Amino acid sequence: MVNRGGYNCRHQFSYVNPDWYEEDGEESALLTDKVKPKAVPNPKKSIFGEVSKDEKVLLENAFGTETSPFSKAITFIPALKTLKKSGRGFYRRSDDTLNIGSNRIGVAEEMKVFIHEYTHRIDRIIGVKFLDDKALKLKFSKGVSDNINKAGGFNSISFLKAESLVLDTKVLTKGLKKRRLGFNDEWAKVTAKQPSIFEKAKLEKYYEKLNKELKVVLTDNEIKTYLTSNGRTASQAGIYKFKLKLKNKILAPRYDGGFDLQFSGDFNDYIGAITKETIGAGHGKYNYSKYRTIIRDGNRTFTEGQTLEAWANHSAMTMNPNIIDNKAVKEIERKLMKYFAPNTTKAFDDVVNNFNNL
Ligand SMILES: [Zn+2]
């Protein structure tokens, strides 16, 4: 299968552009001149400690105005040097530049990019201290095997959780072919029997009845909200199709390696990062393979690129400020995260809780 493209951190689909592989944690080869810090640190302290003026408003919108594990982590690290809002979204550690990008539409979507990139920033800045500060590393190492703990050359917190990705990948890929066939068969069967698409009321009734008979991890109302938040049709047929995917625990993109648009871009990227794109889609298998391997499981390798992206997506979805019909999209998506990837979701929840010990 040809790699048709990928998602950058702005989660805007684009054809593969070697540029963006450089960003998002990896130092850019394009960066030759030092960029002068644009934001002046605000001497007035906030719950986030010393932060730049530009950063403060965004931090409050993204992480709230009350002390939290995230506010503790942000207090622990220095103020952001440069904040940008144009072109592609990325975080670049070499000069501490965070770019929210300019292409995601809507405040909630823009905020999710900020949370995603800020999580990379926290991950990188704290992770790089582990080499010299074993006590700090220990705060994040509970339940981590010696094998991972002693692995050198990694500069992130999230790499410590690689074993959770292994566990979830095992479950998600076992019998995957059969589950995909099961979904295709079931969907083909019900669509073959459905009333004409020109008889809308009948069609809705037909799928409404099927929906009543099929119970999954989300209610029909939750699915409706979720599909709406992803810009998809929330018809009874759309809801039923989504339920069949949950029943078979798959994402079903229109073509191999593509995005399943009934799920959010972040969710596609989350599962893609965990399974190195065996399921899900986002940064691309090639991109993940460029990073250093943390752990192997049979033929599979799990790299630092995977743990970095999985955690950034975990934060963006967990903190998602989007509310539709009075329902918080994050609460719905958290159920999907726990259903598809319980180990990884728990592991990164633990990292967030560990921030309280900083
Ligand atoms: Zn990212």
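1. Let's start with one pair of residues in this predicted model. Tyr-91 stands opposite Leu-98, a residue of strand S5. The strands concerned are S4 and S5 (residues 97–99), which pair in the antiparallel sense over three bridges. As a reminder for reading any strand, side chains in a regular strand alternate between the two faces of the sheet.

2. Now step back to the whole sheet. It is open, has three strands in the order S3-S5-S4, and its pairing is mixed. Strand S3 (82–84) and strand S4 (90–92) are at the edges with a single partner strand each, so one side of each has no neighbour in the sheet. From one strand to the next, the twist averages 10 degrees. Helix H4 (residues 107–127) packs on this sheet and touches S4 and S5; the direction of H4 makes about 20 degrees with that of S4.

3. Which residues touch the most other members of the largest nonpolar core? They are Ala-62, Phe-114, Tyr-270 and Ile-271, in a core of 72 residues. H4, the helix that packs on the sheet, gives the most to this core, with eight residues. Take a look at Ala-62 in your viewer: leaving out residues up to four places away in sequence, Ala-62 touches Met-111, Phe-114, Ile-115, Tyr-118 and Met-319.

4. Strand S6 (residues 293–297) pairs with strand S7 (residues 300–303) in the antiparallel sense, over four bridges. Thr-293 stands opposite Thr-303 in S7. Two residues lie between the strands of this hairpin, and Gly-298 in the turn has a positive phi of about 65 degrees.

5. The buried residues of H7 are Ala-162, Glu-163, Ser-164, Leu-165, Asp-168, Thr-169 and Leu-172. In general, an α-helix has 3.6 residues a turn, so residues three or four places apart point the same way. After H7 comes Gly-175, with a positive phi near 65 degrees.

6. Is Phe-340 buried or exposed? Phe-340 has 25 C-beta neighbours inside 10 Å, so it counts as buried. This residue is found in helix H15 (residues 329–340). Setting aside neighbours within four places in sequence, Phe-340 is in contact with Leu-172, Lys-249 and Ile-271. Of these, Leu-172 is one of the buried residues of H7. The C-alpha atoms of Phe-340 and Leu-246 are separated by 8.8 Å, although the two residues are 94 residues apart along the chain.

Definitions and conventions:
Residues are numbered from 1 along each chain as its sequence is written. This is a predicted model: local features need pLDDT of at least 70, side-chain atom pairs count only at pLDDT 80 or more; totals for chains, interfaces and linings use all residues. Two strands pair if DSSP finds at least two bridges between them. Axes are lines fitted to C-alpha atoms, for helices over the stretch in contact, and angles run from 0 to 180 degrees between N-to-C directions. Two residues are in contact if their C-beta atoms, placed from the backbone, lie within 7 Å. A nonpolar core is a set of buried Ala, Val, Leu, Ile, Met, Phe, Trp, Tyr and Cys residues joined through C-beta atoms within 7 Å. A residue is buried if 20 or more other C-beta atoms lie within 10 Å of its own, exposed if 12 or fewer, and partly exposed in between; C-beta atoms are placed from the backbone.
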